[in-house]
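Hi there,

Here is the structure I promised to pass on. Have a look, and my notes follow below.

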Amino acid sequence: MGTPVERRARLISVPRPALIALATVRARLRGSEFGMTALAIGVGVLAGLCVAAMTKIVNVAHVAIFGIPFDVHLSAAERVAPLAAFGAPMLGGLILGAIDTWLARRKAPPAVDPVEANALRGGRMSLSESLLVATQTVISNGCGASVGLEAGYAQIGAGAASYLGIRSRLRRQDLRMLVGCGAGGAIAAAFGAPLTGAFYAFELIIGAYSLANAIPVFAATLAASLTTQAVIGAPYNITAPDVAPLTFLHYGALIGLGLVAAAVGVGAMRVAALIERAFRAAIPWRLVRPPVGGLMVGAMALYSPQVLGAGHGALGLDFYSPITASKLTILIVLKLFACLVSLASGFRGGLFFASLFVGSLLGKLYAIGIDAVAPSMDLETTACVLVGMGALSAAIVGGPLTMTFLVLESTGNLGVAGGVLAASIATTLAVRATFGYSFTTWRLHLRGETIRGGQDVGWLRDLTVGRMMVRSPPVFPAEGSMRKFREAYPIGSANVVVAVGEGGQYRGLIHVPEAHAPTIENGEDGGPIGAIVHLPETVLNPDDDIGTALETFRAAQADTLAVTARGTGQVLGTLGEAYAARRYAQETNLAMKGVLGGG
């Protein structure tokens, strides 16, 4: 990029007609629905190519490292050699540990993912960080760690979209929408499912559905899906046999499966935090954690290779195979534990497909239980498998409509899609009531963030007290007399004056009309001004956001509050509640216009 002077010099060297043409193109992109749709299609094509490239690299790595046939997925292998099972994850973990150690020495902040970018940063992401995350994800999945590529797909798709949007100088809401196009396009490309990708963007990345967003997002996901299918085919294509129509009793049983999936999902997310803390406490060295995690995953792979990778091959294998309840239980526990160990130890990846695979096993186990308890219900195992996939994914990843459309596009069966929707709604409600987070937002919560989705709350944090306050407010010594105050601030000169101590520290607020009230007389000087100061302990700080400020106003029942430096108490300014509320209303209206397409 260069310094500002260098960038300015490069800009000056560009011919003026070229600058005018570039500005015109950018203006048309920002102001034209056709231009935004064209840009979204370009983002979709780019996301599809990235998905194809990452998938191809990982497939070649699996064949070379584990010696499996090219047309067999790693998790569907009958067995893997012990040397490969232990050596590959440990070696890959060592590479990732070295990268993590290098980043820690540089004090690099954690990479911003698409949800965090859209919720807090107006869609701004680093392309270099996204490339690094995608590379780490390829290494993790390629060496057999129990993680999927979908997080890397979404990261590089969103990162590329953000880069193009920033270079095109898009408005905040347009940039957020384009990031949704990139992430949703990547998911659509991975599953060959444009509707799934679109609702992934709406539910998880953008945080809202609107007519203004619909055309660009659908165009991007369709372009991404077609691009990847033209290059390598859909990497995660899911097929299923036909399912008989569901009855009212079936829907009730499937909602019960949704509640079971919610319990499993919440349990897995809580255990994830415990495992991560255990790794950090037991192994303080970043370089060593991933190899130890790889060793544990390798040990589980000797029992069943189904714990390796995302689980796509295993899902296709187990869908049609008869499996006992005890083996299903063991596989569910092993796969979940392998996923959580992989992530906690430092491998990169997602749980999108892993949750689909574990959900299918959970559905199969649930079908066995229903058949034992109520054989007359005649609930098909296939229906339970598909609903289990959608429900557990809704619990861990989020997005009930996303999972419903994934099953619909995979099976073409509207009846079973209705069952998935009913179960996913029950799952989502149960998770929100008992836990409140998806896996992505839970991990952000562990880092200190409080966001619960891609809804844009970043503007709330950007609108700080420091940006809104009136600087250099009228002040008066807290030790001064009433008479001197009246001389310094006659009626009409100010409404509120800040009482300060020695060194400018805050002591309270003085209301000018109150100081001039005829009832206040106490000796020749009228008494000390400190006798009528208000709110000596209630202040705002310049880094408080608008939400904190309005809550403080409500609690103090005050019209004006002083703003002081955090820690020192030095008076920096004042802020009025009416002005803060007006700014909040203005920013809210702008945000809503962006969501509804009016901005």
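Patches here are built from residues with over 30% relative accessible area and no salt bridge, joining like charges within 9 Å and nonpolar side chains (Val, Leu, Ile, Met, Phe, Trp, Tyr) within 5 Å. A salt bridge is a side-chain nitrogen of Lys or Arg within 4 Å of a carboxyl oxygen of Asp or Glu, and accessible areas come from the Shrake-Rupley method with a 1.4 Å probe, with only the protein chains shown counting as cover for residues.

This is a predicted model, with local features needing pLDDT of at least 70 and side-chain atom pairs pLDDT 80 or more, while totals for chains, interfaces and linings use all residues. Numbering runs from 1 along each chain as its sequence is written, and side-chain values use heavy atoms, leaving out hydrogens and water.

Leu91, Leu94, Ile95, Trp285, Leu287 and Val288 make a nonpolar surface patch of about 560 Å². Leu94 sits in helix H4, residues 82-105 (helices are DSSP runs of H or I, at least four residues, numbered from the N terminus).

There are 15 aromatic pairs, counting rings of Phe, Tyr and Trp (its six-membered ring) with centres within 6.5 Å; planes under 30 degrees apart are stacked, over 60 edge-to-face, and the rest tilted. One of them, Tyr153 with Tyr236, is tilted, at 6.3 Å centre to centre and 50° between the planes. Tyr153 is in helix H7 and Tyr236 in the loop between H10 and H11, so this pair ties together parts 83 residues apart in sequence. Ring pairs also link Tyr153, Phe191, Tyr200, Tyr236, Phe352 and Phe353 into a cluster.

Best wishes

Conventions:
Helices (H or I, at least four residues) and strands (E, at least two) are DSSP runs, numbered from the N terminus.
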